Amino acid sequence: TPAVMAVPSPGVARNVGLGTQHYDAAIADLERTLDQHRGQLDTSTVRVIEQNLKLIDRAIAQARAAVRADPSSVYLNSHLADAMQRKIELLRRATAIAGAAS
């Protein structure tokens, strides 16, 4: 069964210094769970998941850099939180699919 973690809603983590640790922890946990169940997924499904994760990771990296340059920007902090939430949602779906396939 995939691990389920309490993750802040997208509106919660708007300050990179206060909220992204929760996202990072949830992402790491979901990534571990997905890695454990990766073998139960079709290779084409894994490929699509990995491609989407790369795109999201690029968006997160860009948003983190922008927030470092302008940490008080509500827009940039919101953008970072939204990108991290998208990654969590994708990982949750992927682990649910993997869990259903086992």
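Residues are numbered from 1 along each chain as its sequence is written. In this predicted model, local features need pLDDT of at least 70 and side-chain atom pairs count only at pLDDT 80 or more, while totals for chains, interfaces and linings use all residues.

The mean pLDDT of the chain (the predictor's confidence in each residue, from 0 to 100) is 82, and 80% of the residues score at least 70. Residues 1-18 remain under 50 in pLDDT; the model has 37 contacts (heavy atoms within 4.5 Å) beyond four places in sequence for this stretch. Where pLDDT is low, the predicted coordinates should not be read in detail.

The chain holds three helices and zero strands (DSSP runs, H or I of at least four residues for helices and E of at least two for strands, numbered from the N terminus). Of the 102 residues, 37% are buried (under 20% relative accessible area, 1.4 Å probe, protein chains only).

Helices α2 and α3 (residues 74-101) pack with their axes 9 Å apart, at an angle of about 160° (axes are lines fitted to C-alpha atoms over the stretch in contact, and angles run from 0 to 180 degrees between N-to-C directions). The pair is therefore roughly antiparallel (angles over 145 degrees). Residues making the contact include Ile49, Leu53, Ile56 and Ile60 of α2 and Leu76, Leu80, Met84 and Leu90 of α3.

Notes
Side-chain values use heavy atoms; hydrogens and water are left out. Buried means under 20% relative accessible area, exposed over 50%, partly exposed in between (1.4 Å probe, protein chains only). Angles under 35 degrees count as roughly parallel, over 145 as roughly antiparallel, 65 to 115 as roughly perpendicular and the rest as oblique.
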